[in-house]
Amino acid sequence: MRFSIRSAENGKETSPIGDSASQDDYGGKDAVVVADPSKGRWERSWPTIACGAGLFSDGYLNGYDSVRSVIGQVNTILSKIYGGAYDSSPAQSNVASIAFAGTVVGQLFFGYVSDHYSRKWALMASTVILIIFAALSAGSYGAGGSLHGMLAALTAWRFLLGIGIGGEYPAGSVACAESTGELKSGHRNRWFIMFTNVQIDFGFVLANLVPMILVLIFTENHLRGAWRMALGLGVIPPLSLFYLRLKLQEPEEFKRETMKDTKTPWWLVIK
């Protein structure tokens, strides 16, 4: 928290106290107040939750390998349903891995957008992408009931879903870190980790637990419903964050250090 104390003797402000940089760190200008003392605990905390918790979708829908995410379990179910027709098709590997390609694209695109324009609207865009393509993945359908068409659609939706997941890193994680500037010193790291890394790990756990429960509910005679429901439930996490993210304001640190008016040294980046 950062604020100034007004001297009772001469009415002038003394040096600021807290854990932010001093006025000299800003070239002699008045330092920007990061934390507003008038805000309650929830008002200071919910932006951190709204920005970081979307990484649950990465753990549940994507993971850093197909075994830990729901698509690994869906892959097994599809193999059980369609047998050799699925196992011998390129979709067997594409369905599980294509989201990673989309994640890279999303990280690059939303990284630029969130740094130069807006953390909030980059987050909103990635949230909408997650909602739409998680739903479309669950409803994948091939023309005339074609298996090949259904798998092609699922592969395409998974790639576009990956773009939304990729946006959670440069927009969500960074905004989460910036929003912790409003929290009390000594509490920031735990809140940041709780709503970034822990969310991904929690997603891994549910990605393996949920399909198992759904198979028990649907039974092995109705596995088509089980895999579609497992993917469809991935809509709930980003949908639950939609309203919070819509109410977000740009983090104070982003307002102070935005790259909107700076030029990126692309040649230096390439080298």
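Reader: At roughly what angle do the axes of helix α3 (residues 70-82) and helix α7 (residues 147-179) cross?

Author: First, this is a predicted model: local features need pLDDT of at least 70, side-chain atom pairs count only at pLDDT 80 or more, and totals for chains, interfaces and linings use all residues. Numbering starts from 1 along each chain as its sequence is written, and side-chain values use heavy atoms, leaving out hydrogens and water. Helices are DSSP runs (H or I, at least four residues; strands are E, at least two), numbered from the N terminus. With axes as lines fitted to C-alpha atoms over the stretch in contact, and angles running from 0 to 180 degrees between N-to-C directions, α3 and α7 come within 14 Å and cross at roughly 175°.

Reader: Are α3 and α7 roughly parallel or antiparallel?

Author: Under 35 degrees counts as roughly parallel, over 145 as roughly antiparallel, 65 to 115 as roughly perpendicular, and the rest as oblique. The crossing angle is roughly 175°, so α3 and α7 are roughly antiparallel.

Reader: Which residues of α7 make the contact with α3?

Author: Contact here means heavy atoms within 4.5 Å. On the α3 side you'll find I71, L78 and Y82; their partners on α7 are L147, M150, L151, L154 and R158.

Reader: Is R119 buried or exposed?

Author: R119 sits in helix α6 (residues 119-138). Beyond its neighbours within four places in sequence, R119 touches several residues, including P170, V174, E178, E250 and F254. Under 20% relative accessible area means buried, over 50% exposed, and in between partly exposed (1.4 Å probe, protein chains only). R119 has 6% relative accessibility, so it counts as buried.

Reader: How many Å apart in space are H116 and T258, C-alpha to C-alpha?

Author: H116 belongs to helix α5 (residues 91-116) and, at 7% relative accessibility, counts as buried. Leaving aside neighbours within four places, its contacts are T258, M259, K260, T262 and T264. Although 142 residues separate H116 and T258 in sequence, their C-alpha atoms are apart in space by 6.4 Å.

Reader: What percentage of the contacts with a separation of 6 or more come from residues 24 or more positions apart?

Author: The protein has 13 helices and two strands, and 43% of its 271 residues count as buried. Of the contacts at a separation of 6 or more, the share from residues 24 or more positions apart is 76%.

Reader: What is the relative accessible area of M212?

Author: M212 is in helix α9 (residues 197-218). M212 is partly exposed, and its relative accessible area is 47%.
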